[in-house]
Structure formats: C-alpha cells, structure tokens
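Please keep the sequence and the structure open beside the text while reading.

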Amino acid sequence: MDAVDGGAKGAARGGRVTREEVARLADVSTASVSYVLNNVPNKVSEATAQRIFDAVEKLNYRPSSLGRALKRGSPRMLGIIIPDFSNTYFASMSDALETEASREGYSTIFLCSHGDPEKEKECIAKLASRDVDAILASFALNAIDLATIRKPTVRFVFLDHPDRVPGFKAVGSDFRAASRMATTHLIEHGHRRIAMLFGGDPSEYNDARIQGWAQAHQEAGLATGRIYHTGFTRSGGYEQTLRILDMPETKRPTALFAGSDLEAVGALRALHERGLRLPEDMALVSFDGTVDTLYSWPQITSIQQDPVMIAKLAVAAALHPDECDDTQIAPFDFVIRQSCGCHPNAS
C-alpha cells in the first residue's frame, strides 16, 4: 500500500511523473509498462495492461503520443487482431502494420485470436471498448458473423483476403493464382501425385488456395490428390507428413504443396527423419515465403507474399476508405529454390 500511495503523492507534488511511479501504482515492473505503452504484443495479460492504463490516467503520465491522445480524448488508434504471433509471416505483417500506422500518426493495439472465432469476438469487443478507429484482422469469422457484432463507428479490414467481402474492405494476395502457379510448377517437374498440407478445414473448398491447387490439376488433366489438415502449424505439417510417409511408396505423393511455411518446415523435419532426399524423393513448395524458407535445408521454393505492401494497402483502406477499392490485391513473387527440383541458382 505504501508503494501505491508514494506513486500518487509523486503525481500530487506536481513534478514529472516517472515510469517507475506508474509501475508502482499498477504493481508491475517497469518493463511491463514499457511493453504496454509501446504496444508490444503478447507480453502482458489484458488485465495487467488495463491496470497500467488506469495508472497512466490517475498519475497523468504523458510520456508520448499515447498520453497526448488520452488527454485529448481522441486515441487515433488502430486495433489489429493476429491469429498467431509465433508465425513468422504474421510477425512480419505486425511489424509492417505498426510501421505504416505510425507513419500515418496512429498508435496500434495488437491482440491474438489464436484463429478461434469465439476468441476473435472477445478481441473485437475489447478493441471496440478502446474506441479504436478501425480493426484490421486476418479474420476467422465470416462476413455474416461480423456484420452482427461490428460497431457502426469502427471500420473493419480483412487481411489476407483476396475476395470481395460485401460491406467490408479486404486486402490480400491473389491466393488462387499463386497456388495455381506453385502447383503447375510441380506438375511441370513431372509430378502426378501432389498432396496439399492445409491449415483450414479441408472440406472448405471455397478457400482460394485450394481452388488454385485444384485448377492446376484440372488444367493438366490430373485428378487432385489428398488434402491433409494441419492447423497451419509446424507440428501439423510434421505429423501429417509422417502419415503420408507411412503409405506404400507406390501410392504416396511425390510432391507436397504446403499452405504455409510453418507446415513446410514441419514437413521438412519429417522427411529428414525418414531419410528422404529433397527433391529427389519428395519435392516441396510452400506458401508465404518468409525468411524460414531461406534458412531451411534445402531452401524451400515458395510463393512469397509482400507483407509490407499488404500493410500499406490495409492501413489506407482503414483510414481513407473512400479513396480505396473494396478489394485490393497485393503482388506476390514465386521464389524458386532447391526443394522443388530446380537448379539452386534458378530464378
């Protein structure tokens, strides 16, 4: 109790309130105060963050644009919901979104949904209670569900969504074209049995990545292979690849198309453990093109999205909606490395 009173007295003296006083009042470390005030995601609990915000207000702590925003009653804040902070792609996306928002004079609040629609609803409610100007997310919720819970004063922007969503702004790469390109590349290498590692529900054939994969097979006159559910995780890619490798060699796929780099990295471990060579025994191509594909062995051929461009388009859609199309498509690259069977220096 003494520590709390001491912090309040420090504010009452009229001197400059320090971060240490905020920490004492909120009963947290100064590091936790820094994490919250600098919007570093996934470092402190929501309850702890709220105690820090309350202490900032009580002590009239004004160290930065956050404090000035609180004082004038206009947060100029963007809420961002990320499904998985451990995913290298979403880490890059988060960094790009924070940079672009800051360039526009906005602060950011990051929350993690773990890809759970119910958790996502909680995140939306928390962000709406903070009076954010817009919410940007790689939504697990569909547009119909969002329409029933969204606030009229908060704009919503779909990230990583290449298709039109009535009533919302959407930004993403052309998943369908990218997946078709990657699958066609494997077919051109002579592969006729290509399995897909996919994080979502394999029954959801409306996903553009699945549609592009299927289109490439159709254009080549081939029957599509099997889709293996992986949960967009390394462990999912690892476990499902082991399952594939348990099949008789004459029936198992000769190539894998991973819906994300995480699944590809997991698959790579499984292939190495079973003593298979890439690309001689099994070819591999992935989607996202993060730095993980560059530092794997062999390096993984991948569809490379552009999180910086996606962030620019998404923030523009959130802040200047009248100047942006409802759906904006960011460019992607197809980066050829060793895992598909091409020469290491192919480009």
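A polar contact is a pair of N or O atoms within 3.5 Å, where, within protein, one atom must be able to donate a hydrogen and the other to accept it, and where residues adjacent in sequence count only if both atoms are side-chain atoms. At the start of helix H6, a side-chain oxygen of asparagine 87 lies within 2.9 Å of the backbone nitrogen of tyrosine 89. The model is predicted, with local features needing a pLDDT of at least 70 and side-chain atom pairs counting only at pLDDT 80 or more, while totals for chains, interfaces and linings use all residues. Residues are numbered from 1 along each chain as its sequence is written, and side-chain values use heavy atoms, with hydrogens and water left out.

**Overall make-up**

The secondary structure of the chain comes to 14 helices and twelve strands; helices (H or I, at least four residues) and strands (E, at least two) are DSSP runs, numbered from the N terminus. Of the 347 residues of the chain, 49% count as buried, where buried means under 20% relative accessible area, exposed over 50% and partly exposed in between, with a 1.4 Å probe and protein chains only. Contact means heavy atoms within 4.5 Å, and among contacts between residues at least 6 apart in sequence, 65% join residues at least 24 apart.

The expected span of a helix is 1.5 Å times one less than its number of residues. For H6, residues 88-103, the 16 residues should span 22 Å, and the end C-alpha atoms are 23 Å apart, which agrees. The buried residues of H6 include Tyr89, Phe90, Met93 and Leu97, and also Glu100. Just after H6, glycine 105 takes a positive phi of about 85°.

Among the buried residues of H12 are Asp261, Leu262, Glu263, Leu268 and Leu271. The buried residues of H12 pack against strand S6 (194-198), helix H11 (234-245), strand S8 (255-258), S9, H13 and S10. H12 is followed by glycine 275, whose phi is positive, near 80°.

**Packing of H2 and H3**

Two packed helices are described by the angle between their axes and the distance between the axes. Helix H2 (residues 19-26) and helix H3 (residues 30-37) pack at an angle of about 100°, with their axes 8 Å apart. That angle makes H2 roughly perpendicular to H3. Axes here are lines fitted to C-alpha atoms, for helices over the stretch in contact, with angles running from 0 to 180 degrees between N-to-C directions; angles under 35 degrees count as roughly parallel, over 145 as roughly antiparallel, 65 to 115 as roughly perpendicular and the rest as oblique. On the H2 side, Arg19, Glu20, Val22 and Ala23 meet Thr30, Val33, Ser34 and Leu37 of H3.

**Two buried residues**

Threonine 293 lies in helix H13 and counts as buried, at 0% relative accessibility. The side chains of threonine 293 and arginine 337 are joined by a polar contact of 2.9 Å. Not counting residues up to four places away in sequence, threonine 293 touches Asp261, Ser286, Gln299, Ile300, Ser302 and Arg337.

Glycine 212, in helix H10 (residues 208-219), is likewise buried, at 0% relative accessibility. Leaving aside neighbours within four places in sequence, glycine 212 is in contact with Arg176, Ser179 and Arg180. Glycine 212 and alanine 178 are 34 residues apart in sequence, yet 7.2 Å apart in space, C-alpha to C-alpha.

Most residues other than glycine have a negative phi, and most peptide bonds are trans.

| Cis peptide bond | Omega |
|---|---|
| leucine 278 to proline 279 | about 5° |
| tryptophan 297 to proline 298 | near -5° |

Proline 279 is found in the loop between helix H12 (261-273) and strand S9 (283-288), and proline 298 in the loop between helix H13 (291-294) and strand S10 (301-304).

Histidine 114 has a positive phi, near 55°, although not a glycine; histidine 114 lies in the loop between strand S2 (107-112) and helix H7 (117-129) and counts as exposed, at 59% relative accessibility. Aspartate 288, also not a glycine, has a positive phi of about 130°, but aspartate 288 is placed in strand S9 and is buried, with a relative accessible area of 7%.
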